[in-house]
Amino acid sequence: MSNNWETVIGLEVHIQLNTKSKLFSGAPNKFGGVANSQTSLIDLGYPGTLPVINEEAIVMAIKLGVALDGNIPEQTVFARKNYFYPDLPKGYQISQFDEPIISGGFLLIEAGSQEKKINLTRAHLEEDAGKSIHIPNERLTGLDLNRAGTPLIEVVSEPEMRNAQEAVSFMKNLRELVRHLQICDGNMQEGSFRCDANISIKRSQDKKLGTKVEIKNLNSFKFVENAINFEIARQINRLENKEKITQETRLYDEKTGETKTMRTKEDENDYRYFSDPDLLPVEIDKNKLKLIKSIAIELPLDKRKRYATVLGLNQAQIDTLLADPALTRFFEKSIANSALPPKLAANWITGEIMKYLKDQNINIKQIKISVESFVKILKLIETDKCTQNDGKRILRMIWEDEALIEEAIKKTLSGKENFNDENLRKIVSKVLNEHPKQIEQYLSGKNKILGFLVGQVMKVSAGKADPKSISKLIKDKLNQ
Amino acid sequence: MITPTDSLSDIKKGLDNKSFSCKELTKFFLDRIEKANKKINCFITVCRESALKEAEKADLKSNSVPSPFAGIPYANKDIFCTSQIRTTCGSKMLENFLPLYDAEIVRRAKNLGLIMLGKTNMDEFAMGSTNETSFFGAVKNPWDLTKVPGGSSGGSAAAVAAGLVPFATGSDTGGSIRQPAALCGITGLKPTYGRISRFGMIAFASSLDQAGFLTRNVEDCALCMEFLSGFDPKDSTSANIPKGDYSSELYAKLEGKKIGIPKEYFDGNLDSEIGHCLAEAKDIFSKLGCVLVDIELPNTEMAIAAYYIIAPAECSSNLARFDGVRYGFRSINSNDIDSLYKNTRNEGFGTEVKRRILIGTYALSSGYYDKYYEQAQRVRSVLKNDFNQAFKKVDVILGPTTPSTAFPLNKEARNDPTELYSSDLYTIPVNLAGLPAISIPAGFGKKELPIGMQLIGQAFNERVLLNVAHQFQLHSEWHYQIPKFNESCDE
């Protein structure tokens, strides 16, 4: 029975832009801070104040529009969405209705093992509201308007997703995109990237969509998945019991994992949209659009494909490298003009560098080592001037102060010249002579014993020799 | 010697020659305000102490301040925010509201060294044309204390007419500068929409609101324009279009200038004594070498209906912020957020404001938006087009400012608001088209009440508008007439 039902999901994703100032005022656009400390009279809705559009937000929106292959119009119009709420200082939100900044476009997501194209209806710019802080014991409500006026882009998808996993993939891919475009920090806990999900159920043979229910304000991938799955089950259960679905807005309770009615259609506001007479239509300069298109970045999805097929990186490495756009940039810079094998750089970044970052609980932006120093170390390894372990040693020595790099290299490599092939061959011969038993084992097929023999040679060379070369010399000698 | 009807250039001369000090000048007007305000109620707030202090400062550095306006007293309509000086907008809602900043026009005046004497009375949130909707009581017309001064800038108009201040700022959404200027027998200029920053002017209908000036004569308007108008990046609708050298262009000869006479402005609605005065005015222009051209503004009659959709629609949204949450009046009879909203707005707003909020809310509601708001916007383009066509043939358009002279104060008798609305028929089309227009004195009716003539100019061409108006004043005496009331203040 239940496999007869089909789920239809559309998402409205709110992306908080990381502009320096707010969408219509010069107040700083920063998360947190003492309540109402990051507000101007414009954000507070003071009588007589007027909004002025933040050009940086327009540019960011265009960047997103270009990346999503959406249509950027010649002019875009701001509209007032009128409703009363204590954290909405003007009694209306400046948003867009007709003529949004982006219409159409698409986002590719994963659907099972397939790639699926999700079409977008539109994306518009709007200002965020403040926050009400309820103090129930004192029957008081405080207002923090720091967030009021923060720029948001709301991306509205077509109802083309079929299950929670697709919705999560949509969110993940869009988040990765906006982070790589450097227009949003993607911080879901702080609400910089959140969504409303519209869910309806229909019989698979039906053309007409079922009654939709909107779940508001989902701010983690887990919540998106859980809320949608709960809602699908709830709606199918009702339909199977021949109960109607009410068109309503619901809230997800992360404690119980359930959705609950917030308001029904009857309680919906009539927002009385009309174009904001305080703001003239924003003309989008063709040359500016051209410029933004010309400097468009490689999209994360394209990067993923290139890393796998051209650079030969594995999936785990790709995920790690793309999880932080700054890390991606570090990686790409390291291979850009250095002729380093990408695989080597990727191994080191996802291995050694990540380990350090994790140990010290910092991110790549806080690292004290420049790409140049990093490349220098890897070059030594690549040209067999030092071993991987030498490289790690150097890295450790310069971790706090990269100015020490020349000294560190000198220290690590000093005495290396004593271990040229000729010297090394002598040591190998000596070690092999001392271990006839192990040679016998090796020759009888126990290849693992090679590691022991290499270790013995390393010991004699005080760790300065290159294990690769040792291994090769031993093999050559024994296979003669 | 200071006289109450000194023009700005008279005052400037007096200050420059040291005929009087700035403090004497300021005190002179403040004393007149003190006497007169009890009778005509044209000031909501008088800034006696701060004005005298500023005047003393101006005297001390009178030779070093390069501003030609330094030390000249003026008044602001109480719609302009003034830092730390109460700004009420004529409403109980803002009875005790102290702004934290100066409106752009106020800031510019301050920078020039102008001395603000006070804040003038007005219809509540600029909604009205009699000044009777003010929470602070009606203003009386200095020409006849039983008559309305007009509105909404009635306080500014009455104050200038009564010789209490050399000039005052005003705002004009549907005639709120020109109509009171006409009814009080003074000069009132509404510049082109976008010419003067709206920043800090409490919004009524954003797409129509325009700041301007109420003055003794056209020359003073030109000075105000030179010093207080101009682009402001804080107002997105402010126009970045160069200003003219208004004062020096006042004296250009009018020979060959074409003055349009719209037949729609001279039909049966117009009082015959006003028609008579305008006929005389036309003669003066003819003698000055102007060519009078009959024109048509065929869609004029649709203007009022369109205006009373668009203005209330915008006001319903603009006034939503007065909710008792952050500033202004808050009802104490509330126990939850909904009752706080309802009671605050019910108790804080007057009847006319509530009426317009309701009309506007209705006009924007889903299902009615297309029928009303969209339709009104279409009418607006039609009206703009009417003017565009007319201005292909003429330089300025001449007509009445109001259909009648000042009418009796009698708030209670005004049961049908549409009757009042319809008297804005000559001023409203100008706001809908965003054009500059000026009302100048053009005679008197039988009851010795002033009559105003309106001249409408092309967008951003205040130069020609002021030139034409000034030339009329050079050849007429109406703007020198002063109400008898003036004398009662001299005692």
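A polar contact is a pair of N or O atoms within 3.5 Å; within protein, one must be able to donate a hydrogen and the other to accept it, and residues adjacent in sequence count only if both atoms are side-chain atoms. On that basis, 18 residue pairs are in polar contact between chain B and chain A, both residues at pLDDT 80 or more. The model is predicted: local features need pLDDT of at least 70 and side-chain atom pairs count only at pLDDT 80 or more, whereas totals for chains, interfaces and linings use all residues. Residues are numbered from 1 along each chain as its sequence is written, chains are lettered from A in the order in which they are written, and side-chain values use heavy atoms, with hydrogens and water left out.

**Extent of the interface**
- Contact (heavy atoms within 4.5 Å) joins 38 residues of chain B to 31 residues of chain A.
- The two chains bury about 2800 Å² between them, 59% of it on carbon and sulfur atoms; this is the accessible area (1.4 Å probe) lost on being put together, summed over both.
- Ser236(B), Arg321(B) and Arg326(B) lose the most area in chain B to chain A, together 21% of what that side buries.

**Charged pairing**
- One salt bridge is counted between the chains, namely a side-chain nitrogen of Lys or Arg within 4 Å of a carboxyl oxygen of Asp or Glu.
- Asp278(A) and Arg198(B) form a salt bridge, with their closest N and O atoms 3.0 Å apart.

**Confidence**
- Chain B has a mean pLDDT of 95, and 98% of its residues reach 70 or more; pLDDT is the predictor's confidence in each residue, from 0 to 100.
- The model scores ipTM 0.95 and pTM 0.91.
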